[in-house]
Amino acid sequence: MKLLVISGSHRKDSQTAKAAKYINENKNTFSHSQHIDLCEYGLPFWDPLTDFKKESVAWQSLSTKIKEADALILMTPEWAGTASPLIKNLLLMIDLTGTAHKPVMLVGTSSGINGAYPVAELRMNALKNTKLIPVPDYLIIRHIDQVLNTQHAIDEQDANLRKRIHYCLEMLNHYAQAMLPVREIFHAQNQQLQNKYAYGM
């Protein structure tokens, strides 16, 4: 099972990327894991009137990695109570061939006690046309500057978070395995039928 961890902060060397690197390095039962930091890709803004998918080399590279993954993790900081524009731009760009019926775990990060709104936002309205399956387990990493900074946990909060990450990764792997037959059916079906019902209602 291949895992792709995508962090969506606009800042290089961000706290969200730090947490993503920890998750990527501690992939649990996944055989392979890769971390993508969106701020390093320079993706164009989604525009339905341009053929950005052919014009952007960065998009072609990222799109291939999304298609090859069996499960995704989308990570976003909470800014002004919303998910990052980079994450939402990505979700507008991706198409069903890479995401349909694929499990995704949502992760919100915050320097304080917040972080819940981006997870709720993405679950509610950002996944409709991707057919990604948000798994029940999600993460909110609060006080992110105080955790995941060292090889070993420094206090109870840090230790509990690492245990929760370990559990969530294991469950995500199970969902990825369970969804494989569904994805095989999706790709085997007539493409015209899939295109007809490509969008949620």
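By class, the lining of the largest pocket comprises 11 nonpolar, 6 polar and 5 charged residues, where Ala, Val, Leu, Ile, Met, Phe, Trp, Tyr, Cys and Pro count as nonpolar, Asp, Glu, Lys and Arg as charged, and the others, Gly among them, as polar. The structure is a predicted model, in which local features need pLDDT of at least 70 and side-chain atom pairs count only at pLDDT 80 or more, while totals for chains, interfaces and linings use all residues. Residues are numbered from 1 along each chain as its sequence is written, and side-chain values use heavy atoms, with hydrogens and water left out.

The volume of the largest pocket is about 460 Å³. Of the 22 residues that line this pocket, the closest to its centre are Leu91, Leu92, Ile94, Asn129 and Tyr199. A pocket is here an open set of points, on a 1 Å grid over the protein atoms alone, with protein on both sides within 12 Å along at least five of seven lines, whereas a cavity is a set of points where a 1.4 Å probe fits but cannot get out; lining residues have an atom within 4 Å of a point. Grid points are joined across faces, edges and corners, and a volume is the space filled by probe spheres set on the points. At least two residues of the lining of the largest pocket come from each of α2 (52–55), α4 (85–93), α5, α6 (116–126) and α8 (191–196), and α4 provides the largest share, 4 residues. Helices (H or I, at least four residues) and strands (E, at least two) are DSSP runs, numbered from the N terminus.

The second largest pocket holds about 240 Å³ of space. Of the 14 residues that line the second largest pocket, the closest to its centre are Arg11, Gln15, Pro77, Trp79 and Ser111, and the lining of this pocket divides into 3 nonpolar, 8 polar and 3 charged residues.

The structure also contains 1 cavity of 30 Å³ or more, and the space in the largest cavity is about 30 Å³. Its lining is formed by Trp59, Ser63, Ile66, Lys67, Ile94, Asp95, Gly98 and Thr99; by class, these are 3 nonpolar, 3 polar and 2 charged residues. Both α3 (57–68) and α5 (96–99) supply at least two residues of this lining, with α3 giving the most, 4 residues.

In helix α3, the residues Trp59, Leu62, Ser63 and Ile66 are buried, a term that stands for under 20% relative accessible area, with exposed meaning over 50% and partly exposed in between (1.4 Å probe, protein chains only). Seen down the axis of α3, these buried residues fall within an arc of 105°, so they line one face of the helix; the arc is that of the directions from the helix axis to the C-beta atoms. An α-helix has 3.6 residues a turn, so residues three or four places apart point the same way. The buried residues of α3 are covered by elements including β1 (2–7), β2 (32–37), α2, β3 (71–77), α4 and α5, where contact means heavy atoms within 4.5 Å.

A further helix, α1 (residues 15–25), has 8 of its 11 residues buried, so it is largely enclosed by the rest of the structure. The buried residues of α1 are Thr16, Ala17, Lys18, Ala19, Ala20, Tyr22, Ile23 and Asn24, and what covers them includes β1, β2, β3, β4 (103–109), β6 (139–141) and α7 (156–188).

In α6, Pro118, Val119, Glu121, Leu122 and Ala126 are buried. Viewed down the axis of α6, its buried residues fall within an arc of 165°, so they line one face of the helix, whereas the face turned away from the buried side carries the exposed residues Tyr117 and Met124. The cover of the buried residues of α6 includes β3, α4, β4 and β6. Leu106, which lies in strand β4, counts as buried at 1% relative accessibility. Leaving aside its neighbours within four places in sequence, Leu106 is in contact with Leu74, Val119, Leu122, Arg123, Pro134, Tyr138 and Leu139.

Most residues other than glycine have a negative phi. Asn28, in the loop between α1 and β2, has a positive phi of about 60° although it is not a glycine, and Asn28 counts as partly exposed at 26% relative accessibility. Lys131, in the loop between α6 and β5 (133–134), is likewise a residue other than glycine with a positive phi, near 60°.
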